[in-house]
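Colleague: I'm new to reading protein models. Could you walk me through one, feature by feature?

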Amino acid sequence: MAASMCDVFSFCMGVAGRARVAVEVRFVNSAKGKGLFATQLIRKGETIFVERPLVAAQFLWNALYRYRACDHCLRALEKAEENAQRLTGKPGQVLPHPELCAVRKDLHQNCPHCQVVYCSAECRLAAAEQYHQVLCPGPSQDDPLHPLNKLQEAWRSVHYPPETASIMLMARMVATVKQGQLELLRRLFTEALYEEALSQWFTPDGFRSLFALVGTNGQGIGTSSLSQWVHACDALELKPQDREQLDAFIDQLYKDIEAATGEFLNCEGSGLFVLQSCCNHSCVPNAETSFPENNFLLHVTALEDIKPGEEICISYLDCCQRERSRHSRHRILRENYLFVCSCPKCLAEADEPNVTSEEDEEDEDDEEEEGQPEDAELGDEMTDV
């Protein structure tokens, strides 16, 4: 390819593909599909790229329970202290160093028709240009009989927390197409990347298929003004005694939040990312994703040095899940992502017993009763699910 995929989507979609180093998408094999590879040395801790999603949406239960986020970029809208008060259930909760809160309420804007809130004029205009003209309910925003509100209520009735997707993500994809943005993207995509051998992807139907394919690779997004405040506190230069007091305060704050709210700390949603969707899974990943800017901009960071030509892999499992047995990891990946992992860790543990705990034994018994052996009729890992 003449340009990296990161450069391409920076150009043709306004993606914040602020690549720190060069990467490229390659076809791996028929089982695995495509993958993302380094084209030069990437050092541990280096930001590999920053990517803006094609589209993103907050989870519906998350929004219903007053986790206030920008309707476009999911930036947390509450002040850190307001966030702490709601999560602890203590209206009088006060945070030290309030100047470290990065939320700018003076920049917030509402849609003039339906009153949904955006973190800035830029986000309001971007949403209107991409999809909100089609989806704006106008004065019917709170009308339970409005078709979009009925759709959202139906979704909530069958998708309870913890959430992993939102029907509004699909609605925004459709609205993007209806507002004519997809054809513009296809033309720019073709100008930047056309290659005869891949010509089927550049036709209108082919590009719609490619767009839909990205839709099978949603990435969870989490934002928090309180988390940003905590990181800012961590960066303060304080006397040892003051540092100890502040750390103790933050530890107690999170204990209070856990007692009142449990694990639901963040504004949560999901987005569709072109480059991130090319990253295959590994139980020993060499990169990780995060959202340090308190919005939908995804950062992919190297966990170790990555050599030129080496595949960049993230993990679809959390830290605790990665420490479980190979059998347990495969079960989670099979149930949620429909593939069997063949990463170096899984291959190295291939001869180990399938079950390592009572919980795993129960899971295995359930599978045997259902007639579902571990590797039944499943492909190897693939990004093109």
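Modeller: Gladly! Let's begin with a residue in this predicted model. Arg243 is buried, because its relative accessible area is 18% and buried means under 20%.

Colleague: What does Arg243 pair with in a salt bridge?

Modeller: The partner is Asp247, and the closest N and O atoms of the two are 3.4 Å apart. Asp247 has a relative accessible area of 30%, so Asp247 is partly exposed, whereas Arg243 is buried.

Colleague: How many salt bridges does the structure hold?

Modeller: There are 10. One of them joins Arg43 to Asp305, with 3.3 Å between the closest N and O atoms. This pair links distant parts of the chain, 262 residues apart. Arg43 sits in the loop between strand 2 (33–38) and strand 3 (47–51), and Asp305 in the loop between strand 11 (298–302) and strand 12 (313–314).

Colleague: Which residue meets Lys105 in a salt bridge?

Modeller: That is Glu82, at 2.8 Å from N to O. Glu82 is in helix 3 (80–88), while Lys105 is in the loop between helix 3 and strand 5 (109–110), 23 residues apart from Glu82. Lys105 is partly exposed at 36%, and Glu82 is partly exposed at 29%.

Colleague: Now for strands. In which sense do strand 7 and strand 8 pair?

Modeller: To read a pairing, look at the sense, the bridges and the residues that stand opposite each other. Strand 7 (residues 218–223) and strand 8 pair in the antiparallel sense over 6 bridges, and Gln219 stands opposite Gly271 in strand 8. Strand 8 also pairs with strand 4 (residues 55–58), in the antiparallel sense over 4 bridges. There, Val55 stands opposite Leu272.

Colleague: How many residues of strand 8 are buried?

Modeller: Strand 8 (residues 267–272) is mostly covered, with 5 of its 6 residues buried.

Colleague: And helices? At what angle do helix 5 and helix 6 pack?

Modeller: For helices, we follow the axes and then ask which residues make the contact. Helix 5 (residues 147–158) packs against helix 6 (residues 167–178) at an angle of about 145°, and their axes are 10 Å apart. Helix 5 contributes Leu148, Leu151, Gln152 and Trp155 to the contact, while helix 6 contributes Ile167, Met168 and Met170. Of these contact residues, 6 are nonpolar, 1 is polar and none is charged.

Colleague: Which residues have the most contacts inside the largest nonpolar core?

Modeller: Met168 turns up again here, together with Leu36, Ile48 and Ile312, in a core of 58 residues. Helix 6 gives the most to this core, with 6 residues. A second, separate core has 18 residues, including Ala69, Ala76, Leu87 and Leu246.

Colleague: One last residue, please. Where is His132 found, and which residues is His132 in contact with?

Modeller: His132 is found in helix 4 (residues 121–135). His132 is buried, with a relative accessible area of 9%. Leaving aside neighbours within four places in sequence, the contacts of His132 are Cys111, Cys114, Val116, Tyr118, Ala127 and Gln179.

Methods
Residues numbered from 1 in each chain as written. Predicted model: local features only at pLDDT ≥ 70, side-chain atom pairs only at ≥ 80, totals over all residues. Heavy atoms only, no water. Axes fitted to C-alpha atoms, helices over the stretch in contact; angles between N-to-C directions. Helix = DSSP H or I, 4+ residues; strand = E, 2+ residues; numbered from the N terminus. Contact = heavy atoms within 4.5 Å. Nonpolar A, V, L, I, M, F, W, Y, C, P; charged D, E, K, R; others polar. Buried < 20%, exposed > 50% of the residue type's maximum accessible area, 1.4 Å probe, protein only. Pairing = 2+ DSSP bridges. Core = buried A, V, L, I, M, F, W, Y, C linked by side-chain atoms within 4.5 Å. Salt bridge = Lys/Arg side-chain N within 4 Å of Asp/Glu carboxyl O.
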